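Please keep the display in view while reading.

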Amino acid sequence: MGQKEISKSVLKRLPNYLAYLKSLPAGSSVNISATALANALNMGEVQVRKDLAMVSSGGRPKVGYLRESLIEDIEQFLGYNNTTDAVLIGAGKLGRALLGYKGFADYGLNIVAAFDVQPTGATESGKPVLPLSELERFCRENKILMGILTVPADSAQQVADLLIAGGIKAIWSFASPRLEVPGNILVQYENMATSLAVLSMHLAAQINANNEK
């Protein structure tokens, strides 16, 4: 089906639907309804129904969706079947862990090279670690559209500027500061401190609830 305008909130929910659909054991029903999916993920049925309608036209009244077809529709919409080449900047412990993660291939992401102020030639995963001075040229010559930042906070803006000069259109940032970028550049932040705070608050609430029993 044709690509539709879709909000970031919907884009964040679609991978959850996909993960659940793929987790169903062999022998499960070939069909699944929006109601069943909503119940399984503890979400609102109306929201799930609207989200699925954005990415698939395969839903049928009282039948639902053919599960395998729905998986294909979501993957196609998210671009998982179209490989995106990316570069990673900051080959420290986090950067090297991301370079070695083979699961990115399932989501259509291929990190072709890393860059660092202290290039080491290659990592354990076999990906080259090149000098930061070559970043802009490399991105232009290889038509790289995504950059992944795992650099210290005080270097993030400078590296983002180099990526943008090299022609990238999206940045996945594990650095804490907000970046100043042109309106046509999409930045997705991964804030580990925020995620940890949410988890800590949840654990504290559970502990307090248990203590009050």
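## The sheet and its strands

Strand 8 (residues 186-189) has one covered face, formed by Val187 and Tyr189, and one uncovered face, with Leu186 and Gln188. The model is predicted: local features need pLDDT of at least 70, side-chain atom pairs count only at pLDDT 80 or more, and totals for chains, interfaces and linings use all residues. Residues are numbered from 1 along each chain as its sequence is written, and side-chain values use heavy atoms, with hydrogens and water left out.

Strand 7 (residues 170-173) is covered on both faces, with Ala170 and Trp172 buried on one side and Ile171 and Ser173 buried on the other. Here buried means under 20% relative accessible area, exposed over 50%, and partly exposed in between, with a 1.4 Å probe and protein chains only. Strands are DSSP runs (E, at least two residues), as are helices (H or I, at least four), and both are numbered from the N terminus.

Which order do the strands of the open sheet follow? The six strands are arranged as 5-4-3-6-7-8, with parallel pairing. Strand 5 (129-131) and strand 8 are the edge strands, each pairing on one side only. Neighbouring strands of this sheet are turned by 25° against each other on average, direction ignored. Two strands count as paired if DSSP finds at least two bridges between them.

| Strands | Bridges | Residues standing opposite |
|---|---|---|
| Strand 3 (residues 84-89) and strand 4 (residues 109-116) | Six bridges | Leucine 88 and alanine 114 |
| Strand 6 (residues 146-149) and strand 7 | Four bridges | Isoleucine 148 and tryptophan 172 |
| Strand 7 and strand 8 (residues 186-189) | Four bridges | Tryptophan 172 and glutamine 188 |

Isoleucine 171 has valine 187 of strand 8 as its bridge partner. Strand 6, helix 7 (residues 156-165) and strand 7 together form a right-handed β-α-β unit; right-handed means that, with the strands pointing away from the viewer, the path from the first strand over the helix to the second runs clockwise.

## A helix pair

The axes of helix 1 (residues 8-23) and helix 2 (residues 34-41) come within 11 Å and cross at roughly 95°. These two helices are therefore roughly perpendicular to each other, a term for angles of 65 to 115 degrees. Helix 1 contributes Asn16, Tyr17, Tyr20 and Leu21 to the contact (heavy atoms within 4.5 Å), and helix 2 contributes Leu37, Ala40 and Leu41. Among the residues of this contact, six are nonpolar, one is polar and none is charged.

Technical notes: Axes are lines fitted to C-alpha atoms, for helices over the stretch in contact, and angles run from 0 to 180 degrees between N-to-C directions. Angles under 35 degrees count as roughly parallel, over 145 as roughly antiparallel, 65 to 115 as roughly perpendicular and the rest as oblique. Ala, Val, Leu, Ile, Met, Phe, Trp, Tyr, Cys and Pro count as nonpolar, Asp, Glu, Lys and Arg as charged, and the others, Gly among them, as polar.
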